[in-house]
Amino acid sequence: MWPVTTADDKMARVLVVDDSRMVRASIIKHIRGRFDAREEPDGEAGWEALLVDPAIDLVVTDIGMPRLDGFGLLERIRGSKVARVRNLPVVIISGDEDENARERALKLGANGFIPKGVGTVELLATLDSLVRLAKTQNELEESRAALARQSPQDPETGLVTGGYLEHHGEQAMAESRRRETEIAALVIELDQFDKLVERYGLHVVELIGRKISKIVTGRIRAEDSLSKHSPSQFALLSPGIDMTSSCAFALRLRASLEKLVMAYREERIRVTVTIGVANSAVDGKGKVSEMLAAARARVQQGQRQGGNCVVSDRGLVDQATLSGSTTRLCSIDAALRHLRAGTSKEVEARLPDIVGTLMPLLELIESRLHCGLPLEQLEQYQYKPETGSDEMDGTQTTI
């Protein structure tokens, strides 16, 4: 019989994980000549092999083993950030386990079962079909990735692709230089990603990511671009936005997500995010990739300090430091630049401060021209408090 090969025409490699040397030897004897084989005595050793051996195409594992059992190994595989590991077919060697154990293995992502003492024909048929299926899926994923690189929109998330974000961002950067405006870059990272995957599984964490994506999308402008760069990370580009406004948005978003309760089956899941903020003018960056790199570095800085925070060029951002920045940066020139860039919402958000800055001038104009300026109304407006609490305060949603 011909050997089973991978996409690069190499013999497919099977990792056999079982604490019984006899079981391992038996399986390897059955598949010799059709598959290359590697064996490990427990789940921990099997996991280490997966991390260092990219040639492994399929895993055959027992359930009851020392150090790390088959369930634990399967959870790690399906929760891995490395797509090569996460998408590997996994076959469970079934012995005297009850139906609950088999059901649990299937829920964790097992692709099939083989009984101990299985015959050569049945074993080869199972492994052969799974390797061929994985090969087809990989080819499909590569085709989808190639298509996504050519498309401005990721068909899976509905967001712009990473390639389009940078391409469109470079155009926006050129436009901002002509208009003498700024561009903000935010990187939004889900905190404790690995622990969430370990506890709830990758599928649930991906649903959480979709919920975060939906929330962010509902709060940004048409001219902003949001992209998903990894299962735990989003990037946002906002033309015409200064550092202070970006930090204010990031603080509101962080607070909203912290208050959100997501229900999954009987679980109540709370998540937090760390947001890194960069700005073309403040950071002196001329490329989108440089701004995103600066924002990612700030995310890492924030997560080293515990996460659930916003980090800018000056470090951790809170409402007190932001209020001081707002007072200092509220210039008429900045407001006019926003209006010329078509970002009137940013001006509207700071109208009370702008009115306060203009009050002495408006009072002088009224004293000379007596043109009926509503000074009393404007005087009250400049002290107008921010409206209410966040609309998502205490919200519960189902994923």
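How many helices and how many strands does the secondary structure of the chain come to? In this predicted model, the count is 17 helices and 14 strands.

**View 1. The whole chain, for orientation.** Of the 399 residues here, 46% are buried. Take the contacts between residues at least 6 apart in sequence: 65% of those join residues at least 24 apart.

**View 2. Helix α2 alongside helix α3.** Here we're looking at residues 43–52 (α2) and residues 70–79 (α3), whose axes come within 9 Å and cross at roughly 20°. Angles under 35 degrees count as roughly parallel, so that's the label α2 and α3 get. The crossing of α2 past α3 is right-handed. On the α2 side, look for G43, E44, G46, W47 and L50; they meet L73, R76 and I77 of α3.

**View 3. Helix α8 against helix α9.** Now for residues 193–200 (α8) and residues 202–217 (α9): the two axes come within 7 Å, with a crossing angle of roughly 125°. That angle is why α8 counts as oblique to α9. From α8, the residues making the contact are F193, L196, V197 and Y200, while α9 brings in L202, V204 and V205. The class tally for this contact is seven nonpolar residues, with no polar and no charged ones.

Terms used:
Residues numbered from 1 in each chain as written. Predicted model: local features only at pLDDT ≥ 70, side-chain atom pairs only at ≥ 80, totals over all residues. Heavy atoms only, no water. Axes fitted to C-alpha atoms, helices over the stretch in contact; angles between N-to-C directions. Helix = DSSP H or I, 4+ residues; strand = E, 2+ residues; numbered from the N terminus. Parallel < 35°, antiparallel > 145°, perpendicular 65-115°, else oblique. Contact = heavy atoms within 4.5 Å. Nonpolar A, V, L, I, M, F, W, Y, C, P; charged D, E, K, R; others polar. Left-handed = near helix turned anticlockwise from the far one by under 90°. Buried < 20%, exposed > 50% of the residue type's maximum accessible area, 1.4 Å probe, protein only.
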